[in-house]
Amino acid sequence: MAMRKLVLLLFGAFFLALPQLRALVFKADSHYQIVLPDSCPNAGIHAHLRQGATVLQQAFAESLGLKLPIVNESKRDASLPAIFIGQTAAAQQAGLKFAELQNFSGLIAERNGNVFVVGNDQHRFGSSEPSNNFRSYILGSLKALTVFMEDYLQVRFLQPGAVGIDFLPLKAVEIPDSLNRVVAPKLIFSSGRHATMLYDYAINDYGPGEIQTYGGHSYYSAVPQEKYGKSHPEYFVMSASGQRDTTGNHLCISNPEVQELIYAEAVKQLQAGAGMIEVAQTDGYVACCCEECKKFGGVEDFGEKTWILHRSLAERLYKEYPDKKMLIICYPPNFDIPKTFTSFPPNVMIELCRYSPAFFAKWKNITVPNGFMVYTYNWGWYQITGLTPKRTPRFCAEQVRLFMDNGVRGVYRCGHGELPALEGPAYYVYGKMLEDSSQDFQKLEDDYYHRAFAEAYSPMRAFFTAMHERLEMLSRLQGQDSKGSFLPESDLDETTLSSALPKNPRVIIAAMYTPEVLSVMERNLSAAEKLVQGEKVRTRLLAVRVEFDYLKNLANILHLYNAYRTQPSWELFNVLAQHLEERNAMLDSFFDDKGRKKKIPGWPEVQYVSAAPRDVMARNGRLSAPIEAPLTWNTSLLKEKKILPGAGVRKAQIKRAQGAVSATDFSSGAWASAPWQDLNGIQLGPIRAQTRFKAIYDEQNLYLGIESDLKDPMQHNAVGRDGCAWRQDSLEVVLDPAGSREQYYHFIINPLPNSFYDSAFGMITDPIHPLFNKADVSWNGDWEYQTLVKDEKWYALFKIPFASLNCKTPSSGTTWTMNLGRGAHHSDSREVELSLWSPCLESMSFHDRDSFGEGQFE
């Protein structure tokens with residue numbers, strides 16, 4: 001027993017003799033200063049460091065009541081210790097090798113009572129010209145500074161701007177003695193929509209670094225149609241009819257001069273300072289039909305041809321500029337892994353737009369020396385849910401883990417930041433998981449609710465839980481299980497998404513936000529609004545209220561519309577119209593008298609429900625998202641005209657021709673007695689290109705005379721037969737002579753000769769035929785058209801022989817189903833304006849057979 005006591009005493013004495021770990025402690029009465037470099041390689045760096053230093057100064061003041069001055073190094077008080085930010089002389093004298101730090105890495109160090117927060121700060125392309133845009137720089141010092149504030153001062157950068165920063169009262173701030181902490185972000189490229197500097201750095205959305213991209217498509221810059229379209233039409237694709245087509249800027253990739261221009265554009269950007277350059281084909285890729293392109297690469301698949309071309313450019317670049325790198329996109333047509341080789345040169349990174357576990361597994365067999373960049377489609381008002389939330393924190397965490405496990409070194413967050421209130425928790429979790437994917441995302445999420453909403457934590461957590469449970473349903477349809485893990489058989493590509501999801505946004509939004517869910521969310525948000533005390537929290541809740549009210553109004557309209565569609569009546573229409581008028585008033589309130597989007601009061605960095613313009617908000621988004629009916633209904637006009645939408649299809653009488661059939665004068669001769677039929681927006685919304693038509697017939701032919709506005713047309717190019725006629729101003733006709741709504745003929749023309757399309761749908765009845773229930777473009781009918789553009793009007797005549805439609809001359813009383821549409825491309829809009837004779841309220845398609853109108857022959 002005595003021996004045991006002796007051992008314990010000796011051990012205790014030894015333990016007491018060990019040097020004690022010390023810490024640098026900041027308290028309210030500490031005397032420190034914040035010191036910046038006297039100069040930086042680029043003056044813009046200094047301005048951004050000062051902005052960061054100002055927030056650090058505020059953090060000490062808010063947390064400890066400690067007021068620290070900010071001075072340049074030559075003005076510092078040498079008798080006082082300091083927090084040095086950036087590449088100061090003191091950092092160099094302390095032996096900190098910040099020049100060795102790469103990309104956005106930084107260092108937090110303690111030396112002799114001083115704190116150093118430093119990175120290898122530089123302009124991303126080495127320019128000396130200052131820029132107000134922080135994304136023009138690689139600022140490792142700022143990345144390290146946000147980590148310093150988060151981990152040692154407990155600051156949280158929850159949302160953009162000052163309102164989004166949360167401070168905690170502290171008794172002391174401790175920095176470990178001789179601290180030497182390297183902050184090394186996983187990504188060398190992390191970009192998306194710009195918010196505010198420190199928020200973006202905190203959520204690892206700091207910028208593109210030394211990588212020069214073109215938004216996914218470099219061919220437009222390398223071989224612009226505006227420059228070469230007329231002088232070198234051979235640079236552009238040849239259509240199936242043998243004509244060169246510059247529409248869409250699609251290139252003839254076998255042309256050596258085109259290849260040289262693509263390479264020259266890459267070299268130009270690299271010589272201007274970029275370290276890596278993106279090489280990427282045009283969007284909506286169209287293959288060239290020339291003989292040399294068919295032979296190019298010794299393969300038939302144009303996706304493989306694209307891989308072969310881009311790999312050869314990378315090989316050349318590696319020989320001529322071995323210190324530079326190339327980012328090659330994996331995007332249609334090369335949407336799959338390469339088949340003719342298994343490795344890329346040492347200078348290649350691959351940009352993925354498809355990123356499921358199954359797809360990453362395919363890439364295990366291909367050597368990609370610099371890993372991957374991923375172009376994510378998590379957000380954006382072009383998604384099917386439009387200007388409503390899309391992702392949950394669970395989804396974000398699982399996606400980031402997938403990326404980190406598969407060598408992803410760059411992420412572009414398309415659409416990120418559009419809903420900072422309702423999607424704030426998801427953005428926060430996504431950004432922080434990029435810092436360390438092993439974290440418990442639920443703790444991050446819970447921390448967000450505590451810090452963002454303080455005393456209103458409980459109801460706001462319940463509010464978001466209710467919303468996220470509904471968003472999980474969307475995640476599952478897109479290939480994730482209820483826990484956020486990707487389903488093994490799922491491949492998150494466009495095919496999977498289009499087959500799994502309903503194509504109508506009305507269906508999805510109404511199913512997600514049922515009246516019960518909206519009630520739970522409203523109840524908890526109202527409770528939170530009563531609990532709030534602090535001004536910052538009040539402002540954050542106001543932003544939540546604005547975005548939720550938009551969502552709630554939209555969902556309620558869709559529920560009312562579904563009830564109306566079940567049994568159209570004026571009683572239900574009037575209720576629906578009232579809600580639509582309230583929605584329009586709400587949208588109007590988001591904009592000032594000059595049409596500019598307003599900011600949330602007290603929060604200049606956050607707008608009312610994203611940056612979307614009024615016309616986009618009217619339809620709840622663009623591309624996959626627009627909801628026409630009932631959002632675009634002109635309810636006053638419908639009431640005035642006594643039109644009850646959806647109560648039936650349009651009907652027209654097809655008059656027998658009496659007299660000469662003019663191709664431009666539709667008021668006399670055979671056209672005189674035929675009534676005009678007006679087109680409306682495809683879902684009864686307003687349109688700019690007013691269009692109307694008449695229909696007549698004789699023993700041999702059906703005639704359609706059409707008159708349409710053409711006031712601000714895009715440039716038109718002849719595409720020959722069966723080219724992409726729908727990509728420019730067009731008129732479309734669908735005819736179903738049997739009236740069965742099962743088979744029909746499709747015709748498209750443009751406002752110039754030799755630019756048309758025709759096909760037959762449903763004529764192939766063999767279920768194993770690849771064209772079963774699809775359009776057969778090989779059908780070439782014996783028909784003709786005439787077109788004239790004069791005085792901002794487009795006049796067109798379709799002459800379609802009955803024999804070409806495999807039918808006899810219709811007898812009196814015969815009824816066909818049919819429709820006539822117009823695609824208008826206005827010079828001031830990227831969206832195609834669609835109008836239709838018999839409107840399509842549900843699927844928004846010219847080919848919805850249930851929406852075809854009826855034409856009865858006289």
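Which side chains meet in a salt bridge at 3.1 Å, N to O? They are those of Arg 401 and Glu 398, where a salt bridge is a side-chain nitrogen of Lys or Arg within 4 Å of a carboxyl oxygen of Asp or Glu. By this rule the count comes to 38 salt bridges.

This is a predicted model, in which local features need pLDDT of at least 70 and side-chain atom pairs count only at pLDDT 80 or more, while totals for chains, interfaces and linings use all residues. Residues are numbered from 1 along each chain as its sequence is written, and side-chain values use heavy atoms, with hydrogens and water left out.

- Arg 401 and Glu 398 are separated by about one helical turn, because they stand three residues apart in helix 12 (residues 393–404); helices (H or I, at least four residues) and strands (E, at least two) are DSSP runs, numbered from the N terminus.
- Glu 398 counts as buried at 18% relative accessibility, whereas Arg 401, with a relative accessible area of 23%, is partly exposed; buried means under 20% relative accessible area, exposed over 50%, and partly exposed in between (1.4 Å probe, protein chains only).

**Salt bridges between helices**

- The side chains of Asp 446 and Arg 461 meet in a salt bridge of 3.0 Å, N to O.
- This pair links distant parts of the chain, since Asp 446 lies in helix 14 (residues 441–453) and Arg 461 in helix 15 (residues 457–477), 15 residues apart.
- Asp 446 is partly exposed at a relative accessible area of 21%, and Arg 461 is partly exposed at 26%.
- Another salt bridge, at 2.7 Å from N to O, brings together the side chains of Lys 552 and Glu 522.
- Here too distant parts of the chain are linked, with Lys 552 in helix 19 (residues 535–566) and Glu 522 in helix 18 (residues 515–531), 30 residues apart.
- Lys 552 is partly exposed, its relative accessible area being 22%, and a network of salt bridges links Glu 522, Glu 529, Arg 545, Asp 549 and Lys 552.

**Strand 16 and its partners**

- Five of the six residues of strand 16 (residues 325–330) are buried, so this strand is largely enclosed by the rest of the structure.
- Strand 15 (residues 276–279) runs parallel to strand 16 and is joined to strand 16 by four bridges; two strands pair if DSSP finds at least two bridges between them.
- Glu 278 has Leu 327, in strand 16, as its bridge partner.
- Five bridges join strand 16 to strand 17 (residues 348–352), and these two strands run parallel.
- The bridge partner of Cys 330 in strand 17 is Leu 352.
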